[in-house]
Amino acid sequence: MTEAEIFDKVKEIVVDQLDVDEADVTLTADIKEDLDADSLDVFEIMNELEDDLDIKLEADENVKTIQDVVNYVKKEVDAK
């Protein structure tokens, strides 16, 4: 799975979970600051990514931006 494919999947889930405009979900967007997500939102996004991609993600506090999520998911997908 490419980084672009992962970004598309992350964007789809974030738009759905947070009810934000697709244009707001950029790689540099801060999940909590720019997209108004709280910890529960981040948890739900990670859970949905786990289910959709059949991977296991730990609660990772270093995930601040959409790029961080993409990098983390890519690492886990590649390790699978």
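Me: At what angle do α1 and α2 pack, and how far apart are their axes?

Reply: This is a predicted model. In it, α1 and α2 pack at an angle of about 135°, and their axes are 10 Å apart. Angles over 145 degrees count as roughly antiparallel and those from 65 to 115 as roughly perpendicular, so α1 is oblique to α2. Their crossing is right-handed.

Me: Which residues make the contact between α1 and α2?

Reply: From α1 come Lys9, Val10, Ile13, Val14, Asp16, Gln17 and Leu18. The α2 side consists of Asp41, Glu44, Ile45, Glu48, Leu49, Asp52 and Leu53.

Me: Take lysine 9 from that list. Where does lysine 9 lie, and which residues is it in contact with beyond its neighbours in sequence?

Reply: Lysine 9 belongs to helix α1, which covers residues 3–18. Once neighbours within four places in sequence are set aside, lysine 9 is in contact with Leu49, Asp52 and Leu53. With aspartate 52 there is also a polar contact of 3.5 Å between the two side chains. For a distance along the chain, compare lysine 9 with valine 20: they are 11 residues apart, and 15 Å separates their C-alpha atoms.

Me: How do α2 and α3 pack?

Reply: α2 and α3 pack at an angle of about 35°, with 12 Å between their axes. The crossing of α2 and α3 is right-handed. Met46, Leu49 and Leu53 of α2 make the contact with Val69, Tyr72, Val73 and Val77 of α3.

Me: What angle is there between α1 and α3?

Reply: The angle is about 125°, and the axes of α1 and α3 are 9 Å apart. α1 and α3 are therefore oblique to each other. This crossing, too, is to be read for its hand: α1 and α3 cross in a right-handed way. On α1 the contact involves Glu3, Ile6, Phe7, Val10 and Val14; on α3 it involves Ile66, Gln67, Val69, Val70, Asn71, Val73 and Lys74.

Me: What should I look for in a nonpolar core?

Reply: In soluble globular proteins, nonpolar side chains tend to be buried together. Here the largest nonpolar core has 26 residues, and those touching the most other members are Val10, Val14, Met46, Leu49, Ile66, Val69 and Val73. The elements giving two or more residues to this core are α1, α2 (39–53) and α3 (66–79).

Me: Which residues does isoleucine 66 touch?

Reply: Leaving out residues up to four places away in sequence, isoleucine 66 touches Phe7, Val10, Val14, Val25, Thr26, Leu27, Ala29, Ile31 and Leu35.

Me: What about threonine 65: is it buried or exposed?

Reply: Threonine 65 is buried, because its relative accessible area is 18% and the cut-off is under 20%. Its place is in the loop between α2 and α3. Threonine 65 touches Leu27, Thr28, Ala29, Asp30 and Ile31, again not counting residues up to four places away in sequence.

Me: Let us finish with backbone angles. Which phi value does aspartate 19 have, and where does aspartate 19 lie?

Reply: Phi of aspartate 19 is near 55°, a positive value in a residue that is not glycine. Aspartate 19 lies in the loop between α1 and α2. Exposed means over 50% relative accessible area; aspartate 19 has 69% and is therefore exposed.

Me: And what is the phi of aspartate 54?

Reply: Aspartate 54 has a positive phi of about 55°, although it is not a glycine. Aspartate 54 is found in the loop between α2 and α3. With a relative accessible area of 58%, aspartate 54 is exposed.

How values were computed: Residues are numbered from 1 along each chain as its sequence is written. This is a predicted model: local features need pLDDT of at least 70, side-chain atom pairs count only at pLDDT 80 or more; totals for chains, interfaces and linings use all residues. Side-chain values use heavy atoms; hydrogens and water are left out. Helices (H or I, at least four residues) and strands (E, at least two) are DSSP runs, numbered from the N terminus. A polar contact is a pair of N or O atoms within 3.5 Å; within protein, one must be able to donate a hydrogen and the other to accept it, and residues adjacent in sequence count only if both atoms are side-chain atoms. Contact means heavy atoms within 4.5 Å. A nonpolar core is a set of buried Ala, Val, Leu, Ile, Met, Phe, Trp, Tyr and Cys residues joined through side-chain atoms within 4.5 Å. Buried means under 20% relative accessible area, exposed over 50%, partly exposed in between (1.4 Å probe, protein chains only). Axes are lines fitted to C-alpha atoms, for helices over the stretch in contact, and angles run from 0 to 180 degrees between N-to-C directions. Angles under 35 degrees count as roughly parallel, over 145 as roughly antiparallel, 65 to 115 as roughly perpendicular and the rest as oblique. A crossing is left-handed if the near helix is turned anticlockwise from the far one by less than a right angle, and right-handed if clockwise.
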